[in-house]
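Me: Please walk me through this structure by question and answer, with cut-offs given for each term.

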Amino acid sequence: MVQLFKEDIKTPEVLAWKGVHLFHFSGSSCSQKTRIVLNLKGIEWISHPINLLKAENYSQWYLGINPRGLLPALVHNGDVHIESNDIVSYLDETFDIPKLIPSNHRGSILEQLNTEDELHLDLRTLTFGFCLPTFLTRKPPAALEALECNEGTVEGKIDSHKKVQLAFWRELAEHGVTADQAINAAKRFEKAFSSVEQQLADQAFLYGDEISIVDIVWFIYAHRLRSTGYPFKRLHPGLTSWYHAMLARPEIGKEVADPAPLRVIRYLTQRYQALTNSTLEQVTGI
Ligand SMILES: N[C@@H](CCC(=O)N[C@@H](CS)C(=O)NCC(=O)O)C(=O)O
């Protein structure tokens with residue numbers, strides 16, 4: 001669980017903040033997951049939007065809160081938590097009801113959260129490859145330099161995660177999303193969702209009759225994948241009613257609703273891909 005040390009925090013005013021504060025962005029999948037957990041648990045929280053499209057996450061101010069430059073970040077009574085799965089686990093432990101990580105399934109739930117986290121860059125790959133035009137997916141070089149030069153620490157140590165992020169953005173700028181990356185990502189999702197489908201074969205939610213954090217994290221990925229043109233319904237028909245039941249819950253649906261301009265941009269991007277035979281299905285052969 002990543003909870004930053006006081007000396008990691010270079011934006012010291014947050015140390016005095018009382019209550020629950022969330023740094024987030026509307027369209028960020030990890031932020032959506034966290035907001036859904038806050039909603040379902042009925043936790044009051046103070047919103048601090050950070051615009052990823054304007055690279056606000058690489059400002060010195062925000063890097064002083066999360067040295068990885070990633071969203072979300074949670075501040076609770078002056079303690080800073082990063083990594084969305086650690087944040088939701090922390091919220092579940094701290095705010096008891098309703099329990100989203102039932103103690104009798106804790107081990108296997110944490111394993112599934114790791115699997116989900118490992119697929120995060122694949123989700124970015126398919127999102128950037130098939131939902132958004134190139135100009136919206138590139139980071140300004142100055143923003144990446146700000147991240148690279150930042151000497152922030154995580155739990156007292158120079159952080160290795162930053163290198164992974166920098167490599168991802170620089171490779172994207174140089175080569176775009178390659179067919180191989182898209183194919184591998186799509187195959188990994190097919191495998192992951194086949195196993196989710198099996199787990200849901202004879203129950204309403206992944207761990208029985210009650211929603212758990214694992215339903216939320218896979219729902220978020222399912223929702224995003226559908227918008228990339230990944231043939232969710234064809235590949236995973238057994239997930240259709242679970243998906244729609246999740247989407248229909250107001251605490252969930254409102255957090256994943258795309259703003260109208262984004263829907264238009266996606267529509268135009270995908271029309272162009274259809275005309276040039278470069279849709280997700282055509283590129284990945286899935
Ligand atoms: N493992 C991290 C991943 C966080 C992450 O990659 N967040 C994305 C938004 S979903 C982000 O902040 N991207 C930075 C950017 O777009 O510059 C977590 O679960 O919190």
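Reply: Buried means under 20% relative accessible area, exposed over 50%, and partly exposed in between (1.4 Å probe, protein chains only). This is a predicted model, in which local features need pLDDT of at least 70, side-chain atom pairs count only at pLDDT 80 or more, and totals for chains, interfaces and linings use all residues. Residues are numbered from 1 along each chain as its sequence is written, and side-chain values use heavy atoms, with hydrogens and water left out.

Me: How many residues of α1 are buried?

Reply: Helices are DSSP runs (H or I, at least four residues), numbered from the N terminus. Helix α1 covers residues 29–41 and is mostly covered. The buried residues of α1 number 13 of 13.

Me: Which side chain has a polar atom 3.1 Å from an oxygen atom of the ligand?

Reply: A polar contact is a pair of N or O atoms within 3.5 Å. Asn-57 places a polar side-chain atom 2.9 Å from a ligand oxygen, and Asp-117 places one 2.9 Å from a ligand nitrogen. The side chain at 3.1 Å from an oxygen atom is that of Tyr-58.

Me: Is Tyr-267 buried or exposed?

Reply: Tyr-267 is found in helix α13, residues 260–275. Its relative accessible area is 53%, and therefore Tyr-267 is exposed.

Conventions: Helices (H or I, at least four residues) and strands (E, at least two) are DSSP runs, numbered from the N terminus. The expected span of a helix is 1.5 Å times one less than its number of residues. A polar contact is a pair of N or O atoms within 3.5 Å; within protein, one must be able to donate a hydrogen and the other to accept it, and residues adjacent in sequence count only if both atoms are side-chain atoms.
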